[in-house]
Amino acid sequence: MYLKDNIRIVIILGGYAPLRPYLLKLAGKFQARDHERELDPNEMSSDAAVSARSLRGQVQVPDDTDEEEGAGTGADWGRGARRRQREMDRSILEVEEKKRVEEAEDSDKDIEEYLA
């Protein structure tokens, strides 16, 4: 590093160090003001955010959207990855459904054994 670069760093750090407490106080005032204001009815609070756990079991796999029309622009990037992901999601859901059906059949056979 040259002398000019070192002087620039010293000036920036020397100016920032005394101003930092005042900048933090100013940011704290803005944050307190933001927390005190009331939420609009259309505005969602951070407490009401949807968590991933609440969505579990409600998976809806979209229909194929590969037939979208359009010129081959940059917006089309990743279409193959989305298609592969949809196919993988469908296969996972099919496997889980088959397991549920097999378990239901097995449990019916066990109960049938005791009823006969």
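**View 1. Glu87 and Arg83 in helix α3 of the predicted model.** Glu87 is partly exposed, with a relative accessibility of 40%. Arg83 is likewise classed as partly exposed, at 32% relative accessibility. A salt bridge joins the side chains of Glu87 and Arg83, at 3.2 Å from N to O. Both residues belong to helix α3 (residues 79-115) and are four residues apart, about one turn of the helix. Glu87 counts as partly exposed because its 40% falls between the limits of under 20% for buried and over 50% for exposed. Side chains of opposite charge can pair when their charged atoms come close.

**View 2. The salt bridge of Glu97 and Arg100, and the network around it.** In this pair the N to O distance is 3.1 Å. Glu97 and Arg100 are three residues apart in helix α3, about one turn of the helix. Glu97 has a relative accessible area of 42% and is partly exposed. Arg100 is also partly exposed, with a relative accessible area of 48%. Through salt bridges with shared partners, Glu96, Glu97 and Arg100 are joined into one network.

**View 3. Asp34 and Arg37 in a salt bridge.** The closest N and O atoms of this pair are 3.0 Å apart. Which residue range does helix α1 cover? Helix α1 covers residues 3-36. Asp34 is partly exposed, with a relative accessible area of 43%, and Arg37 is partly exposed at 42%. The salt bridge count for the model comes to four; among them are Asp34 with Arg37, Glu87 with Arg83 and Glu97 with Arg100.

**View 4. A nonpolar patch on the surface, with Tyr16 as one of its members.** The patch is formed by Tyr16, Leu19, Tyr22 and Leu23. Together these residues have about 460 Å² of accessible area. Tyr16 is located in helix α1. Is Tyr16 buried or partly exposed? Tyr16 is partly exposed, with a relative accessible area of 45%.

**View 5. A patch of negative charge on the surface, with Glu113 as one of its members.** The residues gathered here are Glu102, Glu103, Glu105, Asp106, Asp108, Asp110, Glu112 and Glu113. Glu113 lies in helix α3. With a relative accessible area of 55%, Glu113 is exposed. The cut-off for exposed is over 50%, which is why Glu113 falls in that class.

**View 6. The protein chain as a whole, with its confidence values.** The chain has three helices and zero strands, and its elements run α-α-α from the N terminus on. What share of the 116 residues counts as buried? The share is 2%. The chain exposes about 11300 Å², of which carbon and sulfur atoms supply 56%. The mean pLDDT of the chain is 79, and 69% of the residues reach 70 or more. Confidence is highest in α1, at a mean of 93, and lowest in helix α2 (residues 52-55), at 66. Where pLDDT is low, the predicted coordinates should not be read in detail.

Definitions and conventions
Residues numbered from 1 in each chain as written. Predicted model: local features only at pLDDT ≥ 70, side-chain atom pairs only at ≥ 80, totals over all residues. Heavy atoms only, no water. Patch = residues over 30% accessible without salt bridge, like charges linked within 9 Å, V, L, I, M, F, W, Y side chains within 5 Å. Areas by Shrake-Rupley, 256 points an atom, 1.4 Å probe, with all protein chains shown as cover. Helix = DSSP H or I, 4+ residues; strand = E, 2+ residues; numbered from the N terminus. Buried < 20%, exposed > 50% of the residue type's maximum accessible area, 1.4 Å probe, protein only. Lys, Arg positive; Asp, Glu negative; His and termini not counted. Charge placed at Lys NZ, Arg CZ, Asp CG, Glu CD. pLDDT = per-residue confidence, 0-100.
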